[in-house]
Amino acid sequence: MTRGRFITFEGGEGAGKSTQLRRLVARLQAAGREVVATREPGGSPGAESIRELVLNGAADRWSPVTETLLMYAARRDHIERVIRPALDRGAWVVCDRFADSTRAYQGAAGGTAPGLISALETHILEGTRPDLTLIFDLPTEVGLERAHARAGSEMRFESKGMAFHERLREGFLAIAAAEPDRCAVVDARGDLDQVEAEVWAAVTDRLAVHA
Ligand code: Z5A
């Protein structure tokens, strides 16, 4: 059995990831692929329980290091119970956020030491790394406007302030620049159909889509 492919969607708030993830899943299914659509933090029952803890409450409820550990506890459960079994049976896994979000949110924007995050990547991911990461890039203020319009209420990370979100954007762009073979930057300013076309071009350029 050929291993499936692992695609992750990353970027700041309100960049349009969830919307485009649904569109990509439909196109991959139409191309004959079994697709598992999932998200982080969360994606397995245990990880969804950790999601409740980490996303709700006051902005300073957890320190960046504690957040890093909670994200990785959730991620390990998600990998063991959902991601690895799906890839092993040949399914394609499309995940809304993954390890790059920890690098950007808790690392670049939050100040957690890069050495701690690298050690967790080595020992917790154990090689379960994306084949392709789509990094949705959008001016910070546009993303926050979209996220607020959609949510109607602020969650912990949305309330962290503009400087935090600027560091976040730079953090994601730095990851893309450091790993161009794995990452494609998607210009998220376009309308829904333009962004969908950009996503599809990146996926079909880099991965063999048709079953
Ligand atoms: N987090 C972390 O800190 N560390 C980690 O390791 C991980 C996560 C894994 C998860 O929140 C939070 O966890 C996240 C990072 C942190 N921060 N926060 N908050 P989430 O899963 O609830 O939300 P999110 O991942 O940030 O996504 P989002 O805010 O839902 O945005 P999105 O998925 O990128 O966008 P969307 O929902 O598809 O679109 C937002 C709105 O814009 C919606 O009304 C759309 O209709 C609209 N939209 C979408 N595309 C367009 C275009 N092209 N034009 C105009 N309007 C558009």
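Student: Which residues lie nearest the centre of the largest cavity?

Tutor: Rolling a probe the size of a water molecule over the atoms shows where empty space is left. On a 1 Å grid over the protein atoms alone, a cavity is a set of points where a 1.4 Å probe fits but cannot get out, and lining residues have an atom within 4 Å of a point. Here 17 residues line the largest cavity, and Gly 12, Glu 13, Leu 138, Thr 140 and Arg 169 lie nearest its centre. Strand 4 (132–137), helix 6 and helix 7 (162–178) each give two or more residues to that lining. Helix 7 has the largest share, five residues. Helices (H or I, at least four residues) and strands (E, at least two) are DSSP runs, numbered from the N terminus.

Student: What kind of model is this, and how are residues numbered?

Tutor: It is a predicted model: local features need pLDDT of at least 70, side-chain atom pairs count only at pLDDT 80 or more, and totals for chains, interfaces and linings use all residues. Residues are numbered from 1 along each chain as its sequence is written, and side-chain values use heavy atoms, with hydrogens and water left out.

Student: What is the volume of the largest cavity?

Tutor: A volume is the space filled by probe spheres set on the grid points, which are joined across faces, edges and corners. The largest cavity has about 150 Å³.

Student: Where does the ligand sit?

Tutor: In the largest pocket. A pocket is an open set of points with protein on both sides within 12 Å along at least five of seven lines. A molecule sits in one if more than half of its atoms lie within 2 Å of its grid points. This pocket has a volume of about 780 Å³. Its lining counts 35 residues, with Gly 14, Lys 17, Ser 18, Arg 97 and Arg 150 nearest the centre.

Student: Which residues come nearest to the ligand?

Tutor: A residue is near a molecule if one of its heavy atoms lies within 4 Å of it. Of the 26 residues around the ligand, Ser 18, Thr 19, Arg 97, Thr 102 and Arg 150 come nearest. Helix 4 gives the most to this shell, four residues. By class, the shell holds eight nonpolar, eight polar and 10 charged residues. Ala, Val, Leu, Ile, Met, Phe, Trp, Tyr, Cys and Pro count as nonpolar, Asp, Glu, Lys and Arg as charged, and the others, Gly among them, as polar.

Student: What polar side-chain atom lies 2.9 Å from a nitrogen atom of the ligand?

Tutor: The atom in your case belongs to Gln 106. In the side chain of Lys 17, an N or O atom is 2.6 Å from a ligand oxygen. Gly 14 uses a backbone N or O atom, 3.1 Å from an oxygen of the ligand.

Student: Which residues does a cis peptide bond join?

Tutor: Most residues other than glycine have a negative phi, and most peptide bonds are trans. Here Glu 40 and Pro 41 are joined by a cis bond, with omega about -10 degrees. Pro 41 is in the loop between strand 2 (35–39) and helix 2. Arg 97 has a positive phi, near 75 degrees. Arg 97 lies in the loop between strand 3 (92–96) and helix 4.

Notes: A polar contact is a pair of N or O atoms within 3.5 Å; within protein, one must be able to donate a hydrogen and the other to accept it, and residues adjacent in sequence count only if both atoms are side-chain atoms.
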